[in-house]
Amino acid sequence: MISVQNVTKIFETKGGRVEALRNVSLEVAEGEICGVVGASGAGKSTLLRCMALLDQPTRGKVSLDGVCCGGLSRAQTLALRRQIGVVFQGYGLLAQRTAAQNVALPLELAKTPKKQALARAEQLLEAVGLADKAQAYPSQLSGGQRQRVAIARALAANPKALLCDEPTSALDPLSAQSVLELLEQLNRQFGVTIVIITHQLQAIRALCRRAAVIDQGEFAEQGETEQLFTAPRSPVTRRLLAEAKLA
């Protein structure tokens with residue numbers, strides 16, 4: 001479904017060259033929920049941006065359903081990008097738009113008739129348990145409800161894959177658990193492939209069958225989630241487990 005092959009991403013900054021990703025590879029199967037976990041600055045968000053076709057790798061390639069995302073025209077890239085929904089850290093909702101209008105926004109940008117876009121938005125708000133909040137503004141919603149709206153918006157164009165950047169980091173434990181349960185439900189209901197990028201090991205353990213640990217732009221290890229928790233091979237994984245008091 002999603003294939004990351006030997007991807008390196010280098011940024012040119014005033015302080016010099018920064019190698020945010022270094023020769024990373026990851027395979028995510030169709031319908032899978034996969035996690036990428038690491039500390040702040042490990043390269044998680046850069047990896048997500050490359051997978052979401054928002055950044056081009058310096059070297060290596062990203063493929064979606066066997067289609068290599070490099071060397072495409074702008075129109076081809078946009079068409080492929082519509083198959084990927086992204087839930088950004090911090091919700092990214094527009095304050096002046098209602099929940100329904102926020103969810104409908106990607107469809108409006110794709111020139112979907114307004115009535116059809118709002119009907120799809122209401123359908124998705126019902127799917128995420130917020131049918132009664134369609135006319136509410138972000139300021140009138142709790143953090144967990146805003147995240148649900150953001151997830152609904154990411155699903156608006158019926159993508160094949162959903163990429164989530166720290167989906168529970170700003171939430172209290174109960175809201176975080178509720179969002180994880182929602183993602184699992186949506187995976188079953190729509191068959192959407194989900195990748196979760198997070199520093200929270202608890203979220204990975206609760207939701208993901210497979211996971212990868214990233215550190216300083218490289219994967220320290222990958223494998224079955226239960227194995228990462230019970231028999232970690234990498235010192236990086238053991239350190240993260242100890243810091244989270246899960247070792």
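I take helices (H or I, at least four residues) and strands (E, at least two) as DSSP runs, numbered from the N terminus. I am working on a predicted model, where local features need pLDDT of at least 70, side-chain atom pairs count only at pLDDT 80 or more, and totals for chains, interfaces and linings use all residues. Residues are numbered from 1 along each chain as its sequence is written, and side-chain values use heavy atoms, with hydrogens and water left out.

**Helix H6**

Just after the helix, Gly-191 takes a positive phi of about 70°.

Next I checked the length of H6. The expected span is 1.5 Å times one less than the number of residues. For the 18 residues of H6 (173–190) that gives 26 Å, and the end C-alpha atoms are 26 Å apart, which agrees.

I then looked at the N-terminal end. Asp-172 caps H6 there, with a side-chain oxygen 3.1 Å from the backbone nitrogen of Leu-174. I count a polar contact as a pair of N or O atoms within 3.5 Å; within protein, one must be able to donate a hydrogen and the other to accept it, and residues adjacent in sequence count only if both atoms are side-chain atoms.

Which residues of H6 are buried? Buried means under 20% relative accessible area, exposed over 50%, partly exposed in between (1.4 Å probe, protein chains only). I listed Ser-175, Ala-176, Val-179, Leu-180, Leu-182, Leu-183, Leu-186 and Asn-187 as buried. They cover an arc of only 155° around the axis, which puts them on the same side of H6. The arc is that of the directions from the helix axis to the C-beta atoms. On the other side, Pro-173, Leu-174 and Arg-188 are exposed.

**Sheet**

I traced an open sheet of four strands, in the order E2-E1-E4-E5, with antiparallel pairing. E2 (16–28) and E5 (67–68) stand at the edges with a single partner strand each, so one side of each lacks a neighbour in the sheet. Two strands pair if DSSP finds at least two bridges between them. E4 (59–64) and E5 are antiparallel over two bridges. I noted that Ser-63 has Cys-68 in E5 as its bridge partner.

**Cysteines**

How many disulfides does the structure hold? I found zero, taking a disulfide as a pair of cysteine sulfur atoms within 2.5 Å. The sulfur of Cys-69 is 6.3 Å from the closest cysteine sulfur, in Cys-68, too far for a bond. For Cys-50 the closest is in Cys-69, at 11 Å, also too far. Cys-50 is buried at 2% relative accessible area, and Cys-69 is buried at 5%.
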